[in-house]
Amino acid sequence: MLYNEGGRFFGYGLYLLKGKPVFTYNNQGIKRTRWEGPELAPGRHTIEFDFKYDGLGAGTLAYNNVSGVGRGGTGTLKVDGKVVATNKLEFTVPLTKPLDTVVNIGTAAGTPVDDKDYAVPFKFNGRIDKITLLLEPPKLTPEDVQKLKAAEARQAADK
């Protein structure tokens, strides 16, 4: 395990499995989506996972609208700057996640995100020089705000 949060009931993990980089997203045990690259040569590598969310984000909640949460997106797994896997995620956990999720670096504890891949503890035996997380929440455009305000006004008028 390089990095993971959660486990069997919700979670995601970036790990090496038989020398191959794998990213698995486990949506509440209902559906697991997986990205897998080719076996890596021994030595130093940079492994990246990039996710582009399809929705507008939680900012829609300010307008009494849940349309921005729980959407899917496109994930891309890269090794040394080269795309090795791209996959579409249908949906994400919309608002909450289990309270018992923990973040692990270099090992997995608790339960696995995919029991078919590994058992815990699942320790990485190499060296991790750096982990970078970039969180860029989706931003509502002025046009999005106008649409959401109009939908909120329509909803209020229908009551």
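This is a predicted model: local features need pLDDT of at least 70, side-chain atom pairs count only at pLDDT 80 or more; totals for chains, interfaces and linings use all residues.

Q: OK, rings. How many aromatic pairs are there in the whole structure?
A: A search finds nine.

Q: Take F10 and Y25. How are their rings placed?
A: The ring centres are 6.1 Å apart and the planes sit at 85°. Over 60 degrees counts as edge-to-face, so this pair is edge-to-face.

Q: Where do F10 and Y25 lie in the chain?
A: F10 is in the loop between β1 (3-6) and β2 (11-17). Y25 is in strand β3 (residues 20-27). They are 15 residues apart, and the pair links distant parts of the chain.

Q: F10 and Y25: buried or exposed?
A: F10 counts as buried at 7% relative accessibility. Y25 counts as buried too, at 10%.

Q: And Y15 with Y118, what is the geometry of their rings?
A: Edge-to-face, because the planes are at 70°, with the centres 5.2 Å apart. Y15 lies in strand β2, and Y118 in the loop between β8 (103-105) and α1 (142-158). So the pair ties together parts 103 residues apart in sequence. Both Y15 and Y118 are buried.

Q: Which residues form an aromatic cluster?
A: Y3, Y12, F23, W35 and F49 form one.

Q: Switching to the sheet. What's the strand order?
A: β4-β3-β2-β1-β8, five strands in an open sheet with antiparallel pairing.

Q: Which strands are at the edges?
A: β4 (31-36) and β8, each pairing on one side only. Neighbouring strands in this sheet are turned by 20° against each other on average, direction ignored.

Q: How many bridges join β1 and β2?
A: Four, in the antiparallel sense. G6 has G11 in β2 as its bridge partner.

Conventions
Residues are numbered from 1 along each chain as its sequence is written. Side-chain values use heavy atoms; hydrogens and water are left out. Rings of Phe, Tyr and Trp (its six-membered ring) pair if their centres lie within 6.5 Å; planes under 30 degrees apart count as stacked, over 60 as edge-to-face and the rest as tilted. Helices (H or I, at least four residues) and strands (E, at least two) are DSSP runs, numbered from the N terminus. Buried means under 20% relative accessible area, exposed over 50%, partly exposed in between (1.4 Å probe, protein chains only). Two strands pair if DSSP finds at least two bridges between them. Axes are lines fitted to C-alpha atoms, for helices over the stretch in contact, and angles run from 0 to 180 degrees between N-to-C directions.
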